[in-house]
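Have the model open beside you as you read.

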Amino acid sequence: MVSPMSIAARLITLRKERNLTQQEMADKVGLHVNQIRRYETGNAQPSLEALKKIALALNITIDSSVFD
(Lines give C-alpha, C1' and ligand atoms only; values in the text may rest on other atoms or scores of the structure.)
Protein backbone atom coordinates (compact mmCIF):
# COMPACT_ATOMS: atom_id res chain seq x y z
CA MET A 1 0.00 0.00 0.00
CA VAL A 2 1.21 3.51 -0.80
CA SER A 3 1.33 5.96 2.08
CA PRO A 4 -0.67 9.20 1.84
CA MET A 5 2.53 11.25 1.93
CA SER A 6 3.88 9.38 -1.09
CA ILE A 7 0.77 10.30 -3.05
CA ALA A 8 0.99 13.87 -1.77
CA ALA A 9 4.62 14.20 -2.79
CA ARG A 10 3.88 12.70 -6.21
CA LEU A 11 1.02 15.14 -6.85
CA ILE A 12 3.20 18.09 -5.87
CA THR A 13 5.93 16.87 -8.22
CA LEU A 14 3.51 16.38 -11.11
CA ARG A 15 2.00 19.84 -10.59
CA LYS A 16 5.37 21.58 -10.36
CA GLU A 17 6.73 19.74 -13.42
CA ARG A 18 3.90 21.36 -15.36
CA ASN A 19 4.46 24.80 -13.79
CA LEU A 20 0.93 24.87 -12.42
CA THR A 21 -0.27 26.65 -9.31
CA GLN A 22 -2.63 24.74 -7.05
CA GLN A 23 -5.48 26.85 -8.44
CA GLU A 24 -4.50 26.14 -12.05
CA MET A 25 -4.28 22.43 -11.31
CA ALA A 26 -7.67 22.49 -9.59
CA ASP A 27 -9.20 24.24 -12.61
CA LYS A 28 -7.60 21.82 -15.03
CA VAL A 29 -8.66 18.76 -13.02
CA GLY A 30 -12.13 20.07 -12.19
CA LEU A 31 -11.74 19.97 -8.42
CA HIS A 32 -11.85 22.72 -5.81
CA VAL A 33 -8.44 24.17 -4.95
CA ASN A 34 -8.97 23.24 -1.29
CA GLN A 35 -9.20 19.59 -2.30
CA ILE A 36 -5.90 19.83 -4.19
CA ARG A 37 -4.37 21.38 -1.05
CA ARG A 38 -5.70 18.52 1.10
CA TYR A 39 -4.19 15.95 -1.27
CA GLU A 40 -0.84 17.73 -1.35
CA THR A 41 -0.62 18.04 2.44
CA GLY A 42 -1.64 14.42 2.95
CA ASN A 43 -4.77 15.41 4.87
CA ALA A 44 -6.90 13.53 2.34
CA GLN A 45 -6.31 10.81 -0.21
CA PRO A 46 -7.76 11.20 -3.69
CA SER A 47 -10.57 8.82 -4.55
CA LEU A 48 -10.29 6.66 -7.63
CA GLU A 49 -12.57 9.13 -9.40
CA ALA A 50 -10.28 12.04 -8.43
CA LEU A 51 -7.23 10.07 -9.58
CA LYS A 52 -8.95 9.51 -12.94
CA LYS A 53 -9.61 13.24 -13.28
CA ILE A 54 -6.02 14.08 -12.38
CA ALA A 55 -4.65 11.51 -14.82
CA LEU A 56 -6.86 12.74 -17.66
CA ALA A 57 -6.09 16.41 -17.00
CA LEU A 58 -2.34 15.82 -16.85
CA ASN A 59 -2.32 13.29 -19.70
CA ILE A 60 -0.77 10.55 -17.55
CA THR A 61 -1.81 7.11 -16.36
CA ILE A 62 -3.34 6.62 -12.94
CA ASP A 63 -0.28 4.54 -12.02
CA SER A 64 2.05 7.43 -12.76
CA SER A 65 -0.10 9.78 -10.66
CA VAL A 66 0.54 7.53 -7.66
CA PHE A 67 3.92 5.90 -8.31
CA ASP A 68 7.17 7.58 -9.19
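Let's begin with a lysine: Lys 52 has a relative accessibility of 37%, so this residue counts as partly exposed. Bear in mind as you look around that the model is predicted. Lys 52 has a charged partner, Glu 49, and the two form a salt bridge in which the closest N and O atoms are 3.9 Å apart. Glu 49 is partly exposed as well, with a relative accessible area of 45%. Both residues belong to helix α4, which covers residues 48–58, and they sit three residues apart, about one turn of the helix.

**The salt bridges**

How many salt bridges are there by the rule used here? The count comes to three, and the table sets them side by side.

| Pair | N to O distance |
|---|---|
| Glu 40 and Arg 15 | 2.6 Å |
| Glu 17 and Arg 18 | 3.6 Å |
| Lys 52 and Glu 49 | 3.9 Å |

Are Glu 40 and Arg 15 buried or exposed? Glu 40 is buried, and Arg 15 is buried too.

Glu 17 counts as exposed because its relative accessibility is 52%, where the cut-off for exposed is over 50%. Arg 18, at a relative accessible area of 30%, is partly exposed.

**How α2 packs**

Now turn to helix α2, residues 22–29. Helix α2 packs with helix α3 (residues 33–41) at an angle of about 110°, and the two axes are 8 Å apart. That angle makes α2 roughly perpendicular to α3, because angles of 65 to 115 degrees are counted that way. The crossing of these two helices is right-handed.

Which residues meet there? From α2 come Gln 22, Gln 23, Met 25 and Ala 26, and from α3 come Val 33, Ile 36, Arg 37 and Glu 40. Sorted by type, the residues of this contact are four nonpolar, two polar and two charged.

On the α2 side the contact is made by Met 25, Lys 28 and Val 29, and on the α4 side by Lys 53, Ile 54, Ala 57 and Leu 58. These residues divide into five nonpolar, no polar and two charged. Met 25 takes part in the contact with α4 and also in the contact with α3.

**Two asparagines in loops**

Before you close the viewer, have a look at the backbone. Most residues other than glycine have a negative phi. Asn 19 is not a glycine, yet its phi is positive, at about 55°. Asn 19 is found in the loop between α1 and α2, and with 68% relative accessibility this residue counts as exposed.

Where is Asn 59 found? Asn 59 is in the loop between α4 and α5 (62–66). The phi of Asn 59 is near 55°, again a positive value in a residue other than glycine. Asn 59 has a relative accessibility of 72%, so this residue counts as exposed.

Conventions:
Residues numbered from 1 in each chain as written. Predicted model: local features only at pLDDT ≥ 70, side-chain atom pairs only at ≥ 80, totals over all residues. Heavy atoms only, no water. Axes fitted to C-alpha atoms, helices over the stretch in contact; angles between N-to-C directions. Helix = DSSP H or I, 4+ residues; strand = E, 2+ residues; numbered from the N terminus. Parallel < 35°, antiparallel > 145°, perpendicular 65-115°, else oblique. Left-handed = near helix turned anticlockwise from the far one by under 90°. Contact = heavy atoms within 4.5 Å. Nonpolar A, V, L, I, M, F, W, Y, C, P; charged D, E, K, R; others polar. Salt bridge = Lys/Arg side-chain N within 4 Å of Asp/Glu carboxyl O. Buried < 20%, exposed > 50% of the residue type's maximum accessible area, 1.4 Å probe, protein only.
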